[in-house]
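Open the model in your viewer and keep the selection tool at hand. This tour goes from stop to stop, saying what to select and what is found there.

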Amino acid sequence: MQDFKEKIKEIFSLDYRSLALMRIGVGLKLIFDLIDRARDLSAHYSDLGTLPRSTLLQFFHNDYFISLHMASGWAMFEGILFIIAFIFAVMLVVGYRTTLATIISWFLLISLHNRNPLILQGGDVIFRVVLFWCMFLPWGKRFSFDRYNKKTEIPETKTFSGAAATAYIIQIVLVYIFCGLLKTGEVWQNGLAIYYALSIDQFTTPIGYFFLQFPRFLKLLTHGVLYTEFFGALAIISPIYNQALRMFAVAVLIIMQMGINLSMRIGLFGMIAVVTLIGLLPSLFWDDILPRIQKIISTKKKTGLKIYYDGVCGFCQKSTYYLKRALFLSPSTQVLPVQTDESVKRDMDIHNSWVIIDSGGNRHFAFDGFITMVSYSPIFFFFAPIFRINFIHQIGDVIYRRVSTKRTKLCLRPHKIEPETKIKKSARKIEKAVIVFLTIYIILWNLDTLPTKNKFIPESWKWIAWTTRLDQKFDMFAPSPSTEDGWYVMPGYLKNGSEINIYTGKPVTYEKPYLVAWTYKNQRWQKYLMNLYSENNKNYRLAYGQYLCREWNGSHKDSEQVNDFKIIYMLEPTLPDYQTPTITPTTIWEHRCF
C-alpha cells in the first residue's frame with residue numbers, strides 16, 4: 001500500500017520550476033491577449049460596438065455569468081478594466097503577490113469572456129479552466145519576488161503533490177482525451193478530417209495550403225492527431241517511466257498544437273496550448289534535458305555582456321544570476337558586484353539601478369537594462385522589440401523602480417515559517433475538499449458532453465460550472481470539421497448613388513479573395529463573423545448592422561454616407577476529392593442606416 005501511495009504521488013506531482021515557468025507564460029499570454037483585444041475595445045466591449053449589453057442580455061443571458069465589464073457600456077470604463085488586468089498580469093510574470101494576482105487575473109478573465117462570447121475560441125476555454133486551478137497551485141515558490149519579499153516557506157523538495165496538482169493534471173488530460181473522444185465523425189475514421197479542416201479558407205494559412213497538396217500525408221496527419229490526443233493524454237499519467245513519457249507527451253502535444261497554429265489562423269491558440277502544458281514538465285527536463293540544451297546552444301549566444309548588481313544586496317545577486325540562466329545568456333556573460341568598478345558604482349548611485357554594459361561599451365539602466373539582456377538571449381531575443389513599446393517600457397520602468405527602492409528590505413527580510421494555526425488548518429481542509437469535489441464535477445461534466453443519453457449532472461447543479469466558468473466542451477473540429485465555408489461581401493449604397501463594399505472600403509467584387517483568412521482584421525473578428533453566419537446567431541445581426549452604420553457614417557462626409565447595405569455570405573461548400581464547388585451568394589442581412 002505504501003508503494004502504491006508513492007506511485008500515485010509520483011504520477012500526480014509537479015515540479016516547482018515548471019509551475020513557475022507556466023506562471024510566467026500565463027502572465028505573458030494575458031498581456032498579449034489584452035493588447036490584442038484592446039485594438040477593438042469599443043467594437044467588442046462597448047454599447048456602441050457589435051454587441052451592446054442590451055443585446056447580450058436579451059439573447060445570451062445567463063444569471064450565473066458574472067462580469068465586471070457589464071457594469072458600464074462606456075469604452076473608457078472598459079479601458080480602465082483592461083489596465084487593471086494588465087497590471088495584475090505583470091504581477092504574475094514577476095511573481096509579486098502571486099496568489100492575489102492569480103485570483104484577480106482569473107476573475108477579470110472570466111469577466112472578459114462573459115462580456116462577449118461571440119469572439120471566443122476553444123483556446124479561451126482551455127485557458128480559463130486551467131487558470132482556475134492555478135489559483136490553488138504554489139507557482140510563486142520559484143523565480144518570483146514572493147520568494148524573497150514574503151515570509152513564505154521555501155520548498156525543500158523539487159516537486160509538489162496534492163489535490164491541486166492532481167486537479168490540474170486531470171484537467172489537462174481531460175482536454176486531450178475528450179478532444180479525441182468527441183471526434184466521432186466518419187471523416188476522422190477514414191482519414192479525411194484534416195483535408196476538410198484545411199479546406200476552410202477562413203482559417204487556412206499559406207502553410208496550410210501547402211500541406212493541402214499532399215492527400216496521403218493528410219490522411220496520416222488525421223490519424224496522427226487522434227492518436228496523439230488520446231495516447232498523449234494517457235502518457236501524462238503513465239504509472240511506468242512517468243517522467244520520460246510525460247516529457248515526450250508534452251513535447252509531442254506542443255509540436256502538434258504549433259503545427260495547427262502555423263497551418264491555420266487561430267490567434268493565440270498555440271501560445272495557450274504551450275503555456276498550459278509547461279506546468280507538466282517533469283524534473284527530468286530541468287535536471288537532465290535543459291543542461292544539454294544549454295550546452296548545445298552555448299556556441300550561438302551573443303557575448304560581451306556585463307551585468308553589475310549591488311554587492312550588498314543578496315536579492316540582487318540571486319536575481320541577476322537567475323536572469324542569466326533563464327535567458328540562456330552566454331557563459332562568458334559577466335555578473336559582477338558594482339563595488340568592483342568605481343565608475344560603474346557612480347552610475348548606479350546616480351540612476352539607483354543596476355548597470356548593464358553591452359558589447360559596445362554602452363551602459364543601460366532600469367528596465368532598459370533588462371531589455372538589453374533579453375536582446376542578448378538566443379531564444380527570447382524577439383521579445384526585446386515588444387518590451388520597447390512605449391507604454392510597456394513605462395510600466396516596466398515603474399515596476400523596476402519600485403523593486404529597486406525596496407531592494408534593501410528584500411535582502412534583510414528573512415524567510416520564516418510561521419506556525420500553522422487552527423484556522424489555517426481548517427481552511428486547508430476546506431480548500432482540499434472543494435478541489436476534490438470540483439475535480440469529480442468536471443470529470444462528470446465532460447462525460448455529459450459525449451453523445452450519450454446518460455447525464456451525470458442535473459440541471460440544478462450546473463450553476464457551479466457557470467459561475468466559475470468551469471463549463472467546458474473540447475469539440476474542436478468535432479464531431480467533424482465544417483463543410484460550410486465562404487467569405488463576406490457587403491455592398492453599401494451611398495447617398496451620392498455610388499456603391500461600395502463597406503466591409504473593405506473598396507469597390508464591390510464577388511470574386512474570391514486570394515487569402516480569405518486575411519480578409520479579417522484579426523482572429524477575434526474572424527471568430528465573430530464566422531459565428532454571425534450561423535442561423536443560431538441571427539439575433540446579433542441587427543447590432544452589427546448598426547455598428548457598421550455608425551463606423552462608416554461617422555468617418556465620411558454627407559454625400560459619402562451609406563444609406564443601406566446588405567451582408568452577403570458567399571457560401572462555398574467543401575466537396576470531397578478536391579472537387580470545385582458552386583458558390584452561392586446568400587444574403588443574411590439587409591440594413592437601412594436612416
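Select Asn537 first. In this predicted model, Asn537 has a relative accessible area of 15%, and the limit for a buried residue is under 20%, so Asn537 counts as buried. Asn537 sits in the loop that runs between α25 (523-533) and α26 (541-554). Show the side chain of Asn537 and draw a distance to the backbone oxygen of Asn531: the value is 2.8 Å. Setting aside residues up to four places away in sequence, the residues that Asn537 touches are Leu118, Asn531 and Leu532.

**The whole chain**

Now zoom out until the whole chain is in view. The protein chain holds 26 helices and eleven strands. Its radius of gyration is 26 Å, while the globule rule gives 25 Å for 594 residues, so the chain is as compact as a globular protein of that length. Along the principal axes, the C-alpha atoms fill a box of roughly 75 × 65 × 50 Å. Of the 594 residues, 51% are buried.

Select residues 16-38, which form helix α2, and residues 98-115, which form helix α6. Two packed helices are described by the angle between their axes and by the distance between those axes. For α2 and α6, the axes come within 12 Å and cross at roughly 35 degrees. The crossing of α2 with α6 is left-handed. Which residues of α2 and α6 meet? On the α2 side they are Arg23, Leu30, Leu34 and Arg37. On the α6 side they are Thr98, Ser105, Leu109, Leu112 and His113. Sorted by class, this contact has four nonpolar, three polar and two charged residues.

**A serine in a loop**

Is Ser46 buried or exposed? Ser46 has a relative accessible area of 3%, which means that it is buried. Show its side chain: a polar atom there lies 2.6 Å from the backbone oxygen of Ser42. Leaving out neighbours within four places in sequence, Ser46 is in contact with Leu41, Leu51, Pro52, Gly73, Ala75 and Arg115.

**A glycine in a loop**

Select Gly191, which lies in the loop between α10 (186-189) and α11 (193-198). Its relative accessibility is 2%, so Gly191 counts as buried. Apart from residues up to four places away in sequence, Gly191 touches Leu218, Lys219, Thr222 and His223. Gly191 and Asp448 are 257 residues apart along the chain, and their C-alpha atoms are separated by 27 Å.

**Backbone details in loops**

Move to the loop between α24 (463-468) and β7 (486-489), where Pro479 is found. Select Ala478 together with Pro479 and look at the bond that joins them. It is a cis peptide bond, with omega at about -5 degrees.

Stay in the loop between α24 and β7 and select Arg469. Its phi is near 60 degrees, a positive value in a residue other than glycine. Arg469 is buried, with a relative accessible area of 7%.

Then select Phe143, in the loop between α7 (122-134) and α8 (146-149). Phe143 is not a glycine, yet its phi is positive, at about 50 degrees.

**Last stop: a helix residue**

Finish at Ile395, in helix α21 (residues 390-405). Ile395 counts as partly exposed, at 26% relative accessibility. Apart from neighbours within four places in sequence, Ile395 is in contact with Phe86 and Val90.

Conventions. Residues numbered from 1 in each chain as written. Predicted model: local features only at pLDDT ≥ 70, side-chain atom pairs only at ≥ 80, totals over all residues. Heavy atoms only, no water. Buried < 20%, exposed > 50% of the residue type's maximum accessible area, 1.4 Å probe, protein only. Polar contact = N/O pair within 3.5 Å; in protein donor to acceptor, adjacent residues only side chain to side chain. Contact = heavy atoms within 4.5 Å. Axes fitted to C-alpha atoms, helices over the stretch in contact; angles between N-to-C directions. Helix = DSSP H or I, 4+ residues; strand = E, 2+ residues; numbered from the N terminus. Left-handed = near helix turned anticlockwise from the far one by under 90°. Nonpolar A, V, L, I, M, F, W, Y, C, P; charged D, E, K, R; others polar. Rg over C-alpha atoms; globule rule 2.2 N^0.38 Å.
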